[in-house]
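Let's take a friendly walk through the sheets, the pocket and the cavities of this protein. Have the structure open beside you as you read.

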Amino acid sequence: MFAWNGAEQRNFNLWLKLAGPGEPIRLTSGPADDLSPAWSPDGRSIAFIRIMDREFSPSEIGIFIKPALGGAEHLVHTFYTHRAVIDYTSRILTWTPDGHRLVVEGTEISGHPQELRMVDPATGDSHPLTHPSDGARTDFGAAVRPDGTAVAFVRARGSGVNEIFLLPLRGDAPAGQPRQITFERQMNGSPAWTPDGSALLFSRGHHLGPRFIQRVSIARDLTPSPASVEPYGEGATTLAISRQGQLVYARAVRNASIWRLNLNSETAPAPFISSTMDGHTPAYSPDGHRIAFASTRSGAEEIWLANSDGSNLTQLTQMNGPKTANPQFAPDGRQLVFDSQKEGLSDLYLIDLASGDLKRLTSGPSNKIQARWSRDGRYLYYSSDAGGKFQIWKMSSEGGRASRISEMWAYRAEESCDGKILYLAQHTSLWSLALRDNADGKPVRLLDDLSYSLNFAVTQRGIYYLSLPNSGHSALKFFDPATRVGRAVQDVDKRWWFGLALSPDERSLLYSVRDADGSDLVMVQGIR
C-alpha cells in the first residue's frame, strides 16, 4: 500500500501492489491528495489522511478509514499540520498493535504546536501524547513498538534538524517523558521497529543531502545502544517493516541544478551549475562577475562561489551544520550574508570575501532566515519566528537590536529599487508594504501563484517570479505593477526548487529546478 501521484504526475492517491509481479491497483481517485496509508493489524481496514485544505500554515488534514476489500470510506477526525510543505514520503499516522487506536501528528487548534495524538477510530475522540518543548514545534513520524509499550517519533529541532525520541506508553497514555536517542543534528526520520521490538531502524542524512538507514538496539527500559549503518538503504526516506520481517522503504531520487535563461534571446534555458547533488538559492554579485549559491556537493549544505560563466567553483564555507543557505551579496560586493544552523537554531552570518573572516550576526532562542540587504546596505531584512510565527524584522547590517516590520507572517522581504516599497513573500503569495509617503502600514496583496518565498526578483519595471505549477508545469513570469498581471516569460518543464536571481544588467535569470525527482519502493527480506 502506498501513495503515488501516477504516471501523469498529478495529485496523490492510494495504490495497492502485490509483493511480486503485476501492476499496482488504484484504490482512491478523488482530486485531493491522499497520503500515509496504514493497514489495520487485522488487515480489514485502511487508514489514510487526506489534505482537506492546501493553504499553508497550517493545512487542514482529514483522517479517513475504508474497508480493505472495498466499500465506502468515512471521515474519522480532522486536525491541522504545521509542516509548511507536506512531505509526501512521510508517515503521518499509524495503528497501535491492538488495532484499537491511531497515532497521528497534528494539532486540534490552528497555531498551536504540532503534537502526537491518540485517536479512537470508532468515535473520533483524541487526546495528546506529546507536547513539543524547548523551541520545538513539531512532533511527527510515529511508530508504536510491537508490544505497545513505547512509541518512537521524530521531533523537529529546527529546519534541517530532526531527532528521534522514545515515549513509554501504558495503554493509550504516556507512561513517562520522551527520551531523545539521536544527537547528530541531522535529518533523522521515519523510525520503524523490528518485528520483535528489540531494535529501531530509521533514515538519516544531512538536509537535502545523501540518506541511509541506521539501526539502534533498544532495551526493555528504552536504553539505546550505539547506532550502526545498515548495508542497504541508500536514499531511504520512509521505512515500514512487516511482522514477517520484510522491510520496504522509499528510495528517493533527486538532484537539483541551477539553470540560466537569457532574457535577450529566444534560446531555451539550459543547465548552468549542476552536479549529482543539490544546488539552489543563487545570487549575483553587484558587478555581475560572480555568483554565490548553496550546494550539498561536499556532503553537507555549504555556500559556494563561481564566476559568472559558471567556472572556478570554490567552496566558501565550512559550517558542517545541518543547513546553510540563502547567500546574498552586500551592495558593495565585499561581503555575503547567509543563514546557517551551525550553532543550533538558524542564525545570520557575514563572511568577508577578501579575508574569509566569518561573523555571527544573530543569536537567541529564535530562527532567523532569508536575509536581504536594504538598497543602501545599511540594514538587513530577515524573517524570524521570535514572535511565535515567522515575520519580517529589520536590523543594522553590523548586527544589534532588531525591530519588527509587519504583523503579517512572511518568510522573505526585499526593498523596491527606490527603497519606497517592501515586498513581503509568504509561501504562495506576494505582498507590498509602503515604507514612506505617510503609508498606513497595511500590506497589499499582489499575486497568489508564487511557487516559494525565495522565487522572485525585483526590478525597476516589475517583478520576475517562478510560478506555482499549472497542469504540472511552472513558468517564469513577469509581474507588471501597472497592470497587476503576471505574464508568462518562459515555460519551465521541471519541478521548481529554491531560489531565483536576476543579473545586474537584467539580461539573465538564474533559477533552481529538480532535474531528477522521484522515488522507488525497495524490499529487503529477513529483517530481525
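A cavity here is a set of grid points where a 1.4 Å probe fits but cannot get out. Please keep in mind that this is a predicted model.

**Cavities**

How many cavities of 30 Å³ or more are there? The count comes to two. The largest cavity has a volume of about 50 Å³. Its lining is made up of Thr281, Pro282, Asn326, Pro327, Gln328, Arg372, Leu454, Gly499 and Leu500. Strands E24, E28 and E44 are the elements that give two or more residues to this lining, and E28 gives the most, with three residues. By residue type, the lining of the largest cavity divides into four nonpolar, four polar and one charged.

**The second largest pocket**

Next comes an open space. The second largest pocket has a volume of about 690 Å³. Among the 27 residues that line this pocket, those closest to its centre are Tyr284, Gln328, Arg375, Glu414 and Leu502. Which strands each supply at least two residues of the lining? They are E24 (279-284), E28 (324-329), E32, E36 (412-415), E40 (456-458) and E44 (495-502). The residues of this lining divide into 16 nonpolar, five polar and six charged.

Gln328 turns up in both places: this residue lines the largest cavity and is among the residues closest to the centre of the second largest pocket.

**Two open sheets**

Strands of a sheet pair through backbone hydrogen bonds, either parallel or antiparallel. E32 pairs with E33 (residues 379-384) over four bridges, and Trp373 stands opposite Leu380 in E33.

Another open sheet also has four strands, here in the order E36-E37-E38-E39, and the pairing is antiparallel. Why is one side of E36 and of strand E39 (444-447) left without a neighbour in the sheet? Both stand at the edges, and each has a single partner strand. On average, neighbouring strands of this sheet are turned by 30 degrees against each other, direction ignored. E36 and E37 (residues 421-425) pair over four bridges.

**A covered strand and its hairpin**

Strand E17 (residues 189-193) is mostly covered, with five of its five residues buried. E17 and strand E18 (residues 199-205) form an antiparallel pair over three bridges, in which Ala192 stands opposite Leu201. The two strands E17 and E18 make a hairpin with five residues between them, and Gly197 in the turn has a positive phi of about 75 degrees.

| Strand pair | Bridges | Sense |
|---|---|---|
| E32 and E33 | four bridges | antiparallel |
| E36 and E37 | four bridges | antiparallel |
| E17 and E18 | three bridges | antiparallel |

**A buried serine**

Is Ser474 buried or exposed? Ser474 is found in strand E42 (residues 474-480). Its relative accessibility is 2%, so Ser474 counts as buried, the cut-off being under 20%. The side chain of Ser474 reaches the backbone oxygen of Ser467 at 3.3 Å.

Key
Residues are numbered from 1 along each chain as its sequence is written. This is a predicted model: local features need pLDDT of at least 70, side-chain atom pairs count only at pLDDT 80 or more; totals for chains, interfaces and linings use all residues. Side-chain values use heavy atoms; hydrogens and water are left out. Two strands pair if DSSP finds at least two bridges between them. On a 1 Å grid over the protein atoms alone, a cavity is a set of points where a 1.4 Å probe fits but cannot get out, and a pocket is an open set with protein on both sides within 12 Å along at least five of seven lines; lining residues have an atom within 4 Å of a point. Grid points are joined across faces, edges and corners, and a volume is the space filled by probe spheres set on the points. Ala, Val, Leu, Ile, Met, Phe, Trp, Tyr, Cys and Pro count as nonpolar, Asp, Glu, Lys and Arg as charged, and the others, Gly among them, as polar. Buried means under 20% relative accessible area, exposed over 50%, partly exposed in between (1.4 Å probe, protein chains only). A polar contact is a pair of N or O atoms within 3.5 Å; within protein, one must be able to donate a hydrogen and the other to accept it, and residues adjacent in sequence count only if both atoms are side-chain atoms. Axes are lines fitted to C-alpha atoms, for helices over the stretch in contact, and angles run from 0 to 180 degrees between N-to-C directions.
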